[in-house]
Amino acid sequence: MYDEEIEKIVLYYLIFEKEELNVNENDFFFQKNKQIAKAISELKSKKQEINILSIKKEIKGKDTDILKYISIIAESRFGSSIEYAYKELKRLSKKRKLLELSKEIQKNIEEEMEPEIYIEKKIKELSEINKDGEKEKTFLDIVCETSDIIEKKRLQGKEYDYKYFTGIFDLDKATNGLHEEELTIIGARPGVGKTTFALQIAHKIAKKGISVAIVSLEMSETQIVQKLISKVSNVDSNKLRTGDLNTLEQEKIAIAEGEISDLPFFINTKARSIQEIETYARRLKNKNDLGLLVIDYIQLVKSKNKFNSREQEVAEISRSLKLLSLELKIPVIGLCQLNRNAARTEPTLADLRESGAIEQDADNVIFIYKENENEESQLVENVVIDLQKQRAGGLTKVTVRFDKKVSEFRNLVRRQNIWKK
């Protein structure tokens, strides 16, 4: 699973033809070639010129024959193209890495106490091995890709992709819905409806055939499904709990159950740590093409790592969720409890409980609070959806009607049909 000639060809193109290739020392098998590849990587990181003398200086006294060895490579006449040599180098490198990984699995599997988590870790490693060798993007490549995206959206015009719209008209107008690779925080005091709001968004997106996962550390699977049934059937959720249902309500519930049972919905009430949540999300991405992840709620999530304070732990959790959205290329919604101060005034970013890192990591922060905090709680009342941070756009406040009986937020004013999609 190695070819010395191929390794020399790649080194020749790196040193003398100044080719930009995504390689490192681990792609090479022979020790001298490993040394040279490592030196080239270090010179690149220092933004220094790559030539025989700079490589020799970088290796220093580790190998006195290195200058002679590189000179032999320079004088060689190779018959293979750089395209073929690079692909062959990566193919052999992948085979060696697969062999090493298989040996590691055989060695460790007997002592592994959580095989599901271990499997997902290894799936991730396999995926990384498989992606290794993809051409490294230049800034020009990135600019061209961005230009293509802008042009595609321009040509779409009114055919804009509404798949991640929340259904709250003025909020969608300000944000254009949720976005892949973004972490959205929804914060509120207990009982204001943050879980219901997130579930309503998840339901709307799932109806478009997008796989949605809800990780709940606060509610049971049955409670979540009851909320959905109540919303879809428009039957008082309290009646679902008591079973006090008339014939018409039973029919509505049956229809709602049939409708939601076909949705690509996934509910997890067992995950407790950020590591378990990451494993679960990656598995759903691999198997079901996960499109949206909702965490209810962040302050209940723990980490298996040790920290000196809860603030540090929450910081790791929020950062992990942001990185997960980037890795899986999906929107992630994290629900968040607010400090008690937020119950007396309109909440601000400072009211995000336990960690300023949540504010820093979030691309968007939305607060939900009652329009009039002095009024007693009603079954149907006006609440404010307050977009207080949007990394890529402006801010807005939207007043909506919250019907607690059927777990639904409703727009107060109908907008143009474009926002109803």
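**Salt bridges in a predicted model**

Me: What relative accessibility does R391 have, and how does that class it?
Reply: Buried means under 20% relative accessible area, exposed over 50% and partly exposed in between, with a 1.4 Å probe and protein chains only. R391 has 48% relative accessibility, so R391 counts as partly exposed. This is a predicted model, where local features need pLDDT of at least 70, side-chain atom pairs count only at pLDDT 80 or more, and totals for chains, interfaces and linings use all residues. Residues are numbered from 1 along each chain as its sequence is written, and side-chain values use heavy atoms, leaving out hydrogens and water.

Me: Which residue forms a salt bridge with R391?
Reply: A salt bridge is a side-chain nitrogen of Lys or Arg within 4 Å of a carboxyl oxygen of Asp or Glu. For R391, the closest N and O atoms are 2.9 Å apart, and the partner is D363.

Me: Is D363 buried or exposed?
Reply: The relative accessible area of D363 is 5%. D363 is therefore buried.

Me: How many residues apart are K404 and E381, which meet in a salt bridge?
Reply: Their side chains meet at 3.4 Å, N to O. Helices (H or I, at least four residues) and strands (E, at least two) are DSSP runs, numbered from the N terminus. K404 lies in the loop between strand 8 and strand 9 (408-411) and E381 in strand 7, so the pair ties together parts whose separation in sequence is 23 residues.

Me: How many salt bridges are there by this rule?
Reply: One of them joins E346 and K397 at 2.9 Å, N to O. By this rule the count is 20.
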